[in-house]
Amino acid sequence: MRVYLLTRLPLPSYSCGMISEFQELSDKIDQLAEMSLALRRENAELRHANAALAADNAACQRRLAEAHARVSALLEKIPAIEGAAGAAAAAPVPEDVQ
């Protein structure tokens with residue numbers, strides 16, 4: 001082992017430090033790869049859930065449009081009560097209703 005000439009301290013071995021740095025880098029790359037796979041899986045799940053919600057939303061909008069059409073059809077079947085509405089407004093209101 002080599003030593004510093006002035007202090008007589010041993011020089012550190014560069015290979016030991018580099019090996020540990022390479023190991024740390026390798027561990028971080030492994031973590032990054034795992035995180036990337038987890039995010040890809042989560043992204044696929046979210047896309048699937050989004051597609052299911054979009055289909056559910058379309059079904060709800062279709063049912064709402066059908067209900068609107070049925071209510072509109074029923075309202076068109078009800079005869080207009082224009083004359084009766086004016087007569088009802090002019091008629092006296094019974095005292096027990098007030």
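This is a predicted model: local features need pLDDT of at least 70, side-chain atom pairs count only at pLDDT 80 or more; totals for chains, interfaces and linings use all residues.
Local features required pLDDT of at least 70 and side-chain atom pairs pLDDT 80 or more, while totals for chains, interfaces and linings use all residues. Residues are numbered from 1 along each chain as its sequence is written, and side-chain values use heavy atoms, without hydrogens or water.

The protein chain has two helices and zero strands (DSSP runs of H or I, at least four residues, and of E, at least two, numbered from the N terminus). Of its 98 residues, 1% are buried (under 20% relative accessible area; exposed is over 50%, partly exposed in between; 1.4 Å probe, protein chains only). The chain exposes about 9,400 Å². Carbon and sulfur atoms supply 63% of that area.

Met 18, Phe 22, Leu 25 and Ile 29 make a nonpolar surface patch of about 420 Å². Patch residues have over 30% relative accessible area and no salt bridge; nonpolar side chains are joined within 5 Å, like charges within 9 Å. A salt bridge places a side-chain nitrogen of Lys or Arg within 4 Å of a carboxyl oxygen of Asp or Glu. Areas follow the Shrake-Rupley method with a 1.4 Å probe; for residues, only the protein chains shown count as cover. Phe 22 lies in helix α1, residues 14-77. Phe 22 is exposed, at 55% relative accessible area.
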